[in-house]
Amino acid sequence: MSDEGLSRRRLLGVSGTAAVAGVVAGATTAGALAQRGNAVSRGDEATAAGAPTSTAATAPALDAPIPFRGEHQAGIVTPAQDRLHFVALDVVTKDRVQLQQLLEDWTRAAERMTAGAEAAPGGLVGGGPNRAPEDTGEAFGLPASGLTITIGYGPSLFDDRFGLASRRPAALQDLPAFTGDQLDPRRTRGDLCIQACANDPQVAVHAVRNLVRLGFGVVAVRWSQLGFGRTSSTSTTQATPRNLFGFKDGTNNVKAEEPEGLAQHVWVAPQDEPHGGAWMAGGSYLVARRIRMHIEVWDRTSLQEQEDVIGRDKKEGAPLGQSKEFDTPDFSRKGPDGGPAIPVNAHVRLAHESQLGGIRILRRGYNFTDGSDGVGHLDAGLFFVAYMRNPGKQFVPMQRALAKADVLNEYIEHNGSAVFACPPGLGDGEHWGKALFG
Ligand code: HEM
């Protein structure tokens with residue numbers, strides 16, 4: 001089902017199961033079976049997890065479960081859900097076996113939660129009155145809500161603590177410093193990351209909370225980010241959303257229905273990592289950047305200036321000088337004053353593959369507003385998340401080009417940054433960490 005035509009108000013109403021049944025047409029039987037609070041057996045979850053994730057002819061219903069297992073991890077080409085809870089963690093133990101065990105425990109809990117079940121079979125009360133409940137409870141009664149849980153390993157995980165140095169993929173390198181970076185060390189790096197996306201914020205937050213709880217004594221949260229409102233489409237079944245500058249974002253993105261583009265730009269190929277990182281084949285690299293947007297300055301900027309900065313018109317999202325959102329940008333077209341219709345320093349010109357030797361990435365970011373900065377401004381922006389085959393060959397040259405010349409830089413500030421290797425998807429019976437540890 002396309003989410004075109006579903007108003008934002010209706011989208012926000014996804015949290016109540018009763019409301020969902022009326023609002024979201026086409027909810028699957030598996031989705032109904034998988035509602036939290038119903039007795040969900042492993043067999044039911046398997047039914048819910050039957051279809052492959054890599055291509056999607058129609059977007060899933062907003063409350064439906066997304067298959068957890070498959071060739072690739074869910075949460076990458078899955079039609080971008082509306083809500084995000086992203087967390088970067090540090091491993092606090094030096095015990096390799098404890099880390100392996102946690103990854104196995106996380107797999108079990110993640111599979112259950114993505115199917116709409118509680119984190120553990122005991123649920124809210126199974127452990128009895130004298131033990132802490134096995135599930136924290138706040139998602140009880142809520143449907144699966146399209147929850148995906150995607151895991152990634154940061155460069156620091158491959159130091160000398162866990163004997164993983166020889167398993168480090170060559171493409172997993174810390175990002176270099178970029179011109180204009182204002183990175184806050186409290187929002188950078190991490191041994192591990194978990195990206196939880198869902199169409200209900202409570203479901204995404206519940207997932208991260210329960211995984212962190214399971215990791216007590218093994219991992220600790222380093223930093224985290226909530227996102228409301230996707231800023232990208234990752235499927236042609238989705239309408240293009242808008243970012244906090246009010247522009248359509250995600251028009252020219254690598255999308256799920258483009259297998260050749262995904263193979264070329266998103267999935268790690270077997271030949272990419274001939275040595276210790278061979279386990280990454282079928283995986284992808286995640287680059288996260290917390291980008292503050294100075295929306296007060298932007299809101300005083302004229303429409304013409306805003307459109308010149310982006311290189312597209314605000315209402316339709318068409319490349320400047322053209323008429324439709326999905327028109328291929330024509331960078332040679334002249335504007336009314338005889339200069340280029342899309343200015344030479346416009347964001348979409350500099351980020352376009354034609355200017356970057358064919359480089360593309362899959363963007364999957366979210367809007368955020370984290371209160372205010374104490375001096376009268378909102379701390380708002382775009383939590384940029386992108387997936388790619390090799391950050392050093394894709395994100396780095398793209399961001400260098402943008403950092404150097406993009407007029408958008410007058411309105412934004414990158415203050416968080418991290419890169420993670422997201423392993424391939426799991427087959428039946430497999431668990432996270434198996435491929436990594438070998
Ligand atoms: C707050 C920061 C940013 C804002 C507000 C922003 C906004 C936009 C908008 C409105 C578009 C046009 C619609 C579209 O094709 O999706 C766009 C396109 C794009 N952006 Fe950004 N962007 C930001 C940061 C970045 C960063 C950090 C990168 C990568 C390093 C990036 C890469 C791209 C790419 C590759 C495109 C598609 C260009 C094309 O091929 O036409 N953006 N962005």
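The following legends describe close-up views of a predicted model.

**View B. The surroundings of Trp 432.** When neighbours within four places in sequence are set aside, the contacts of Trp 432 include Phe 68, Gln 73, Leu 103, Glu 104, Trp 106 and Thr 107. Trp 432 is also in contact with Ala 110, Ile 149, Ile 151, Tyr 153 and Leu 426.

**View C. The buried face of helix α9.** In this helix, residues 303-310, the buried positions are Gln 306, Glu 307, Val 309 and Ile 310. Viewed down the axis of α9, these buried residues fall within an arc of 155°, and they therefore line one face of the helix. Their cover includes α8 (295-298) and α10 (347-351). Gly 311 follows α9 and has a positive phi, near 95°.

**View D. The pairing of strand β4 with β1 and β7.** Strand β4 (residues 219-230) pairs with strand β1 (residues 83-91) in the antiparallel sense, over nine bridges. Within this pairing, Trp 223 in β4 is the bridge partner of Ala 88. Strand β7 (residues 366-372) is joined to β4 by two bridges, and β4 and β7 run antiparallel. Here Phe 228 stands opposite Asn 367 in β7.

Note on methods. Residues are numbered from 1 along each chain as its sequence is written. This is a predicted model: local features need pLDDT of at least 70, side-chain atom pairs count only at pLDDT 80 or more; totals for chains, interfaces and linings use all residues. Side-chain values use heavy atoms; hydrogens and water are left out. Contact means heavy atoms within 4.5 Å. Buried means under 20% relative accessible area, exposed over 50%, partly exposed in between (1.4 Å probe, protein chains only). Helices (H or I, at least four residues) and strands (E, at least two) are DSSP runs, numbered from the N terminus. The arc is that of the directions from the helix axis to the C-beta atoms. Two strands pair if DSSP finds at least two bridges between them.
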